[in-house]
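Try each task before you read its solution.

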Number of protein chains: 2
Amino acid sequence: MQVIIATGNPGKVKEIGLAIAPLGWEALNLKDFEVEMPEETETTYEGNALLKSRAICNATGIAALADDSGLEVEGLGNVPGVYSARYGNLNSDQERYEHLLANLGNNQNRRAKFVSVVVVSHPDGKDEFYRGEVEGFITREPRGSGGFGYDPIFFVPEFGCTMAELTPEEKQSISHRGRALKALIEAHS
Amino acid sequence: MQVIIATGNPGKVKEIGLAIAPLGWEALNLKDFEVEMPEETETTYEGNALLKSRAICNATGIAALADDSGLEVEGLGNVPGVYSARYGNLNSDQERYEHLLANLGNNQNRRAKFVSVVVVSHPDGKDEFYRGEVEGFITREPRGSGGFGYDPIFFVPEFGCTMAELTPEEKQSISHRGRALKALIEAHS
């Protein structure tokens, strides 16, 4: 089966490619198609991921896999959540996580959760949904250069370091997106 | 009231001095007395702290304050606990925490707890006991240069960094020893 990885984020393309290799699907690059990604206008991860996977599938007639994910910080009332990629209307990962650190300040409730929802939309109209989560704590300074997004400020208790300090294989084994994709793989095994 | 700080650990002398300042007690240095500290032969924090405070009080006729503390790592069956200061028969803080990191390896249960018991022994035979605890996670690498003992590998979720990255005031506000000493101060206010 062919599947278009419906994301413009190179970090996600890499992670998803690594994770779905066991499926034996032929992963196609969105850039090779002249299609537009829809705006993420929904208020849930499921809604936004489905918007993307369904739009790309309908436009191309090929199955499409999309992800929507976010970081929910307890001490900030579970913000930024589905708005993680647009937090503070800022343009870079670093500006966004610095904005988050500034907003959290010395708040001692630094408990946080990464959430990922992966949707696979098929040309026959079927949509598959998978959710993955990982719990951790917001650090006071960024650490590590791996991953992307808020990874440098997310401490993973199971590894004793930030998500950005993990190897790609370690990150896949524990991350929200890795877990959602693992559920996808298990559903197809 | 005069009280001898019954510890040979300069890190503890400093922390205890800072914490008990509000009591207005005159803190005396153990080094100014020709007395021997007893061996820590008990199997509980309470037992070892009492051994020390009672021995120094009896030998000098002056009240004595002693602390016994340890680090309990869940993934290691709550080891090293009361044996933290002698873990692996190693001679330095760094050798001990490296020994612990090696023993824990990739174990994903890195949950840990610092425990401190503070005892004040009085010439009239009265002994006061105070216990403080703080929960955290063992990091995969040491970070920070403050504190002592296992502080560089103990991640404090409330601050998003290791105990060794905290300022002395921050450490006092959250640490096991700080909490035990806070209980002592509250009992005397």
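**Exercise 1. Describe how helix α1 (residues 10–20) of chain A packs against helix α5 (residues 176–187) of chain A.**

Step 1: find the geometry. In this predicted model, where local features need pLDDT of at least 70, side-chain atom pairs count only at pLDDT 80 or more, and totals for chains, interfaces and linings use all residues, residues are numbered from 1 along each chain as its sequence is written, with chains lettered from A and ligands numbered from 1 in the order in which they are written. Side-chain values use heavy atoms, and hydrogens and water are left out. The axes of α1(A) and α5(A) lie 10 Å apart, at an angle of about 35°. Helices (H or I, at least four residues) and strands (E, at least two) are DSSP runs, numbered from the N terminus. Axes are lines fitted to C-alpha atoms, for helices over the stretch in contact, and angles run from 0 to 180 degrees between N-to-C directions.

Step 2: α1(A) and α5(A) cross in the right-handed sense; a crossing is right-handed if the near helix is turned clockwise from the far one by less than a right angle, and left-handed if anticlockwise.

Step 3: list the residues. α1(A) contributes A:Lys12, A:Glu15, A:Ile16, A:Ala19 and A:Ile20, and α5(A) contributes A:Arg177, A:Leu181, A:Leu184 and A:Ile185. Contact here means heavy atoms within 4.5 Å.

Step 4: sort them by class. The contact of α1(A) with α5(A) has six nonpolar, no polar and three charged residues. Ala, Val, Leu, Ile, Met, Phe, Trp, Tyr, Cys and Pro count as nonpolar, Asp, Glu, Lys and Arg as charged, and the others, Gly among them, as polar.

**Exercise 2. Trace the pairing of strand β5 (residues 111–121) of chain A with strand β6 (residues 127–138) of chain A, and find where β6(A) goes next.**

Step 1: count the bridges. β5(A) and β6(A) run antiparallel and are joined by 11 bridges; two strands pair if DSSP finds at least two bridges between them. A:Val118 faces A:Tyr130 of β6(A).

Step 2: look at the turn. Five residues separate β5(A) from β6(A) in this hairpin, and A:Gly125 in the turn has a positive phi of about 100°.

Step 3: follow β6(A) onward. Two bridges pair β6(A) with strand β7 (residues 154–156) of chain A in the antiparallel sense, and A:Ile138 has A:Phe154 in β7(A) as its bridge partner.

**Exercise 3. Is strand β5 (residues 111–121) of chain B enclosed or open, and what are its partners?**

Step 1: check burial. Nine of the 11 residues of β5(B) are buried, so the strand is largely enclosed by the rest of the structure. Buried means under 20% relative accessible area, exposed over 50%, and partly exposed in between (1.4 Å probe, protein chains only).

Step 2: name the partners. Strand β3 (residues 63–73) of chain B is joined to β5(B) by 10 antiparallel bridges, with B:Asp67 opposite B:Val118. β5(B) is also joined to strand β6 (residues 127–138) of chain B by 11 antiparallel bridges, and B:Lys113 has B:Glu135 as its bridge partner there.

**Exercise 4. How many aromatic pairs does the structure hold over all chains, and how are two of them arranged?**

Step 1: take the total. There are six aromatic pairs over all chains. Rings of Phe, Tyr and Trp (its six-membered ring) pair if their centres lie within 6.5 Å; planes under 30 degrees apart count as stacked, over 60 as edge-to-face and the rest as tilted.

Step 2: examine a pair within chain A. The ring centres of A:Phe114 and A:Phe154 are 4.4 Å apart and the planes are at 40°, so this pair is tilted. The pair links distant parts of the chain, with A:Phe114 in β5 and A:Phe154 in β7, 40 residues apart. Both A:Phe114 and A:Phe154 are buried.

Step 3: examine a pair between chains. A:Phe137 and B:Phe155 have ring centres 6.5 Å apart and planes at 50°, so this pair is tilted. It runs from strand β6 of chain A to strand β7 (residues 154–156) of chain B. A:Phe137 and B:Phe155 are both buried.

Step 4: join the rings up. A:Phe137, A:Phe155, B:Phe137 and B:Phe155 are linked by ring pairs into a cluster.
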